[in-house]
Amino acid sequence: MAMDGVDRQILALLLADGRSTYDAIAAQVNLSAPAVKRRVDRLREQGAIRGFTAIVDHAALGATTEALVELFFAPGTQLDAVSARLAHFPEVLEAWSVTGEADAIARVRTADNRDLERLIRDLQRDGVLERTRTQVVLSRLLPRE
């Protein structure tokens, strides 16, 4: 995938504001709006841009507790089963298969600590998830989305 400096500028501008118009971006990168659109289309076709999304402030919606939950599954549990299980919980924002002691790590958002405890109990309810280890996020040091 060939990207030049202008492509990188366009990506940076879209990351800063995904709702920027082609005209606004064009003014900042010294191109015409149609030229910016062609570049964005090419970046999408190449997979450099996978989509556009809204970044939600979960705290503003009442989910004030964020945590990283290490997940330890029963021996033999397959990753697709882990994925399917976690997908049932809207509080799970992201999850990763990892190396190390834990089988996976999930980033979760809940209303408060009591709700976090409820989520962990619900995740463990069927016995496939044997145990967890949780770190509650106190603050974001480097907020990149």
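**Helix over sheet**

I began with helix 5 (residues 113–124), which lies across strand 1, strand 3 (104–110) and strand 4 and runs at about 160° to strand 4. Helices (H or I, at least four residues) and strands (E, at least two) are DSSP runs, numbered from the N terminus. Angles go from 0 to 180 degrees between N-to-C directions, with axes as lines fitted to C-alpha atoms, for helices over the stretch in contact; contact means heavy atoms within 4.5 Å.

Housekeeping: this is a predicted model, with local features needing pLDDT of at least 70, side-chain atom pairs counting only at pLDDT 80 or more, and totals for chains, interfaces and linings using all residues. Residues are numbered from 1 along each chain as its sequence is written, and side-chain values use heavy atoms, leaving out hydrogens and water.

Next I looked up the sheet: it is open, with four strands in the order 2-3-1-4 and antiparallel pairing (a pair needs at least two DSSP bridges). Strand 2 (92–97) and strand 4 (129–136) are the edges, each pairing on one side only. I counted seven bridges between strand 1 (residues 65–73) and strand 4, and found Ala 67 opposite Val 136.

Which residues have the most contacts inside the largest nonpolar core? They are Leu 71, Leu 86, Val 92, Val 108 and Leu 123, in a core of 16 residues. Such a core is a set of buried (under 20% relative accessible area, 1.4 Å probe, protein chains only) Ala, Val, Leu, Ile, Met, Phe, Trp, Tyr and Cys residues joined through side-chain atoms within 4.5 Å.

How values were computed. Buried means under 20% relative accessible area, exposed over 50%, partly exposed in between (1.4 Å probe, protein chains only).
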